[in-house]
Amino acid sequence: MSDTKKQLTIFVTGAAGYVGAMLAEQFSKRPDVREIIALDKEPEPEMLKGNPKVFYISANTSSKDWQEIVRSKKPDIVIHTAWQIRELYGDRALEWKWNVDGSCNVFNFAFETPSVKKLMHFSTVASYGAFPDNSIYHFFTESEPFRKSEYLYAEEKRIVEEKLEEIYKKNSGNPNAPQIAIIRPAAITGPRGRYARIRFGLQAALSGSLRKEGSFLYDFISLWVSWVPITPKWLRQYVHEDDITDIVALLSFLPLKRGYEIFNAAPPGDVVFGKDMAEAVGKKTIPIYPWMARLAFFFMWHLTRGRIPTAPGSWRGYSYPIAVDGSKITKEYGYKYKWQSKDAFVKKEGRYKSQIPKES
């Protein structure tokens, strides 16, 4: 990794997803990158089609049909972003296979492939756990443990991190073992996340942009949040998509100080409270209590059979705060966030500004 003249081959899982596609597209522009091996179970996204540096593989990380193809290309860096974020209604076993088994496949591949010098894994701040005793004044650091949760997304991420640490410790005596960097981002947003990708999410629902999709369901949800319902401890942290890709670039292309690193990714400064969210989308607030959120999430989950992502336990993230300290990347690697949390949420600036529709 110290040879700056060497062109690198990068293997990105989840390359059709929000973060994975941006990383593949941006890293392909670097002169020190020879090739991007992009893998996803979904079709190749438009932003990667025709890119001469991108070799696309349609496969699921949980399968066994991609390892030898990727290994033959001798990747230097593995970036694991693949994840089924929305819970599959009535099929937790399949989701576990995709997320947990798929992640272990990627980790084992990285440790069993001599060319791989670095493994990057995308985790989440949600696994710190949203509980009633959480305080809006406490900012979780990387040294604090994850906690068990009924929210499957957070729980699977917690378990996968444990498995990665086990694999790393098992290979502690191997001098050729890859360096590990785990990124735990707050909610990622930006022009591409808000406008270029049609996704149901809190921002889209509150801003009213779901109305443009021509769906009765989305119209109903937009009406349901004509006011912004907020619980007493409601807060969010947002990290701009440009900051995320720049942090990954820093950790990918520079040597790590330690063999196993973990970083929260959230800018310093003020968090986004309910009143800030309402102001940003031009609406008034209406106070609710956690039990109300829990009840609403329960009915929406089952009435729509999971089409509205209000999976069991997800109501906790709407009711109890998870604020994190993302300063480690600044203190130890000198990275300075370009966007504050609220600015990341409301402003239309960034590398993907051109993808914002003119009417927005």
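Predicted model: local features only at pLDDT ≥ 70, side-chain atom pairs only at ≥ 80, totals over all residues.
Local features are reported at pLDDT of at least 70 and side-chain atom pairs at pLDDT 80 or more, while totals for chains, interfaces and linings use all residues. Numbering starts from 1 along each chain as its sequence is written, and side-chain values use heavy atoms, without hydrogens or water.

The protein contains 13 helices and 15 strands. These elements are DSSP runs, numbered from the N terminus (helices: H or I, at least four residues; strands: E, at least two). Of the 360 residues, 56% count as buried. Buried means under 20% relative accessible area, exposed over 50%, and partly exposed in between (1.4 Å probe, protein chains only). Contacts are defined by heavy atoms within 4.5 Å. Among contacts with a separation of 6 or more, 78% link residues 24 or more positions apart.

Strand β2 spans residues 33–40. Seven of its eight residues are buried, so β2 is largely enclosed by the rest of the structure. Strands β1 and β2 pair in the parallel sense over six bridges. Pairing requires at least two DSSP bridges between two strands. Thr9 has Glu35 of β2 as its bridge partner. Strand β2 also runs parallel to β3 (residues 54–58), joined by five bridges. Here Ile36 is partnered by Val54 of β3. Together, β1, helix α1 (residues 18–27) and β2 form a right-handed β-α-β unit. Right-handed means that, with the strands pointing away from the viewer, the path from the first strand over the helix to the second runs clockwise.

The largest nonpolar core has 40 residues. Helix α8 (residues 241–253) supplies the largest share of this core, seven residues. A nonpolar core is a set of buried Ala, Val, Leu, Ile, Met, Phe, Trp, Tyr and Cys residues joined through side-chain atoms within 4.5 Å. Residues with the most contacts inside the largest core include Ile10, Phe27, Ile36 and Ile79. Beyond four places in sequence, Ile10 touches Phe27, Val33, Glu35, Ile36, Ile37, Ile77, Ile79 and Phe253. A second, separate core of 28 residues includes Trp66, Val106, Phe111 and Val116.

Helix α3 covers residues 92–112. At 1.5 Å a residue, its 21 residues should span 30 Å. The expected span is 1.5 Å times one less than the number of residues. The end C-alpha atoms of α3 are 29 Å apart, which agrees. A kink of about 25° is centred on Gly102. This bend is the angle between axes fitted to the seven residues ending there and the seven starting there. Gly102 is one of the buried residues of α3, as are Val106, Phe107 and Phe111. The cover over the buried residues of α3 includes β1 (8–13), β5 (118–122), α4 (152–170) and β7 (179–185).

Leu164 lies in helix α4. Leu164 is buried, with a relative accessible area of 0%. Leu164 and Ile180 are 16 residues apart in sequence and 9.0 Å apart in space, C-alpha to C-alpha.

Most residues other than glycine have a negative phi. Lys74, not a glycine, has a positive phi of about 50°. Lys74 sits in the loop between α2 and β4 and is exposed, with a relative accessible area of 56%. Arg305 likewise has a positive phi, near 50°. Arg305 is found in the loop between α10 (290–303) and α11 (315–319). Arg305 is exposed, at a relative accessible area of 58%.
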